[in-house]
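Please read them alongside the coordinates.

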Amino acid sequence: MRIKEVNLLTDQIEAMKEFYGTLLELALLEESTSSVSFRVGDSILGLQEASGQEKPFYHVAFTIPTNTLAEAKKWIQARNISLLSKDNKDDFYFPYWDATAFYFYDPSGNLMEFIAHHSLENAVEDAFDSRQLLCISEIGLPVDDVPDTISQMKGQYHLEPFAGDEKQFAPIGDAEGMFIVIDKEKKAWFPDGRMPGVFATEVKVATGQTGSISLQNGLYSIVSI
């Protein structure tokens with residue numbers, strides 16, 4: 001599966017424009033007073049100003065080349081962005097995924113992740129910069145019912161979970177792109193331990209199957225093109 005576009009809400013639209021456009025040097029696609037979109041490799045990250053007092057936060061991962069993790073960490077830290085740590089570590093190897101990742105916050109408090117999937121043949125020789133952000137590879141979907149969400153993904157898109165207990169946690173998809181389906185009441189995000197929040201999320205994916213799914217009383221819109 002490939003994630004083509006993710007559209008999220010933010011209560012910090014100007015700070016997010018600065019963070020992603022200036023600090024992380026992503027290519028600007030569209031901008032208005034209340035919205036902005038950026039190119040992230042093969043994907044698009046769209047941000048829309050939240051209404052009222054809502055303070056939405058999400059989990060999003062960007063894929064980086066398999067051989068660039070150390071350099072990517074230095075690149076992020078050179079921009080005075082602090083990495084999240086747990087058990088005295090600030091990067092984490094996931095054996096079942098054969099992937100290594102690190103995490104940080106953006107101005108909206110989103111749990112952002114750079115992940116190197118070692119099963120993908122995407123090594124590069126160039127120095128790390130924003131051009132090495134290859135795609136959006138994960139979007140978190142906190143839900144009321146993980147098994148029901150799995151069932152819908154199987155039925156509509158023929159997607160299967162490849163890890164997790166499939167009761168409270170289920171990554172659905174593959175190394176190219178995945179939904180991180182998590183029980184919003186029982187499972188905290190790794191590595192910061194925050195309980196997830198449910199906020200409007202629009203995702204466009206390429207799965208080989210066309211169609212759409214609406215989850216969480218219409219808050220999540222997932223369209224496969």
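1. Basis. The model is predicted, so local features are taken only at pLDDT of at least 70 and side-chain atom pairs only at pLDDT 80 or more, whereas totals for chains, interfaces and linings use all residues. Residues are numbered from 1 along each chain as its sequence is written, and side-chain values use heavy atoms, with hydrogens and water left out.

2. Val 6 stands opposite Val 203 in β12. That pair belongs to the antiparallel pairing of β1 (residues 2-10) with β12 (residues 201-206), which runs over 6 bridges. Strands are DSSP runs of E with at least two residues, helices are runs of H or I with at least four, and both are numbered from the N terminus; two strands pair if DSSP finds at least two bridges between them. With β4 (residues 43-49), β1 is parallel, again through 6 bridges, and here Glu 5 stands opposite Ile 44.

3. The sheet. These strands belong to an open sheet of 7 strands with mixed pairing, in the order β2-β3-β4-β1-β12-β14-β13. β2 (27-31) and β13 (211-215) each have a single partner strand, so one side of each is left without a neighbour in the sheet. Neighbouring strands are turned by 15 degrees against each other on average, direction ignored. β12 and β14 (residues 220-224) are parallel and share 5 bridges, with Thr 201 bridged to Tyr 220.

4. Helices on the sheet. α1 packs on the sheet and touches β1, β2, β3 (35-40) and β4, its direction making about 20 degrees with that of β3. Helix α3 (residues 146-157) also packs on the sheet, touching β13 and β14, at about 170 degrees to the direction of β13. Contact means heavy atoms within 4.5 Å; axes are lines fitted to C-alpha atoms, for helices over the stretch in contact, and angles run from 0 to 180 degrees between N-to-C directions.

5. Burial in α1. Which residues of helix α1 (residues 13-23) are buried? They are Ile 13, Met 16, Lys 17, Phe 19 and Tyr 20. Buried means under 20% relative accessible area, exposed over 50%, and partly exposed in between (1.4 Å probe, protein chains only). Leu 23, also in α1, counts as partly exposed because its relative accessibility is 29%. Leaving aside neighbours within four places in sequence, Leu 23 is in contact with Glu 18, Arg 79 and Ile 81. After the helix comes Glu 25, with a positive phi near 60 degrees.

6. Aromatic pairs. Rings of Phe, Tyr and Trp (its six-membered ring) pair if their centres lie within 6.5 Å; planes under 30 degrees apart are stacked, over 60 edge-to-face, and the rest tilted. The count comes to 17 aromatic pairs. Phe 19 and Tyr 20 form an edge-to-face pair, 4.9 Å centre to centre and 80 degrees between the planes. Phe 19 counts as buried because its relative accessibility is 8%; for Tyr 20, also buried, the value is 1%. Both belong to a cluster linked by ring pairs, whose members include Phe 38, Trp 75 and Phe 114.

7. Strand β8. Since 7 of the 7 residues of β8 (residues 111-117) are buried, the strand is largely enclosed by the rest of the structure. Leu 111, Glu 113, Ile 115 and His 117 are on one side, and Met 112, Phe 114 and Ala 116 on the other. Gly 109, in the hairpin of β7 and β8, has a positive phi near 80 degrees.
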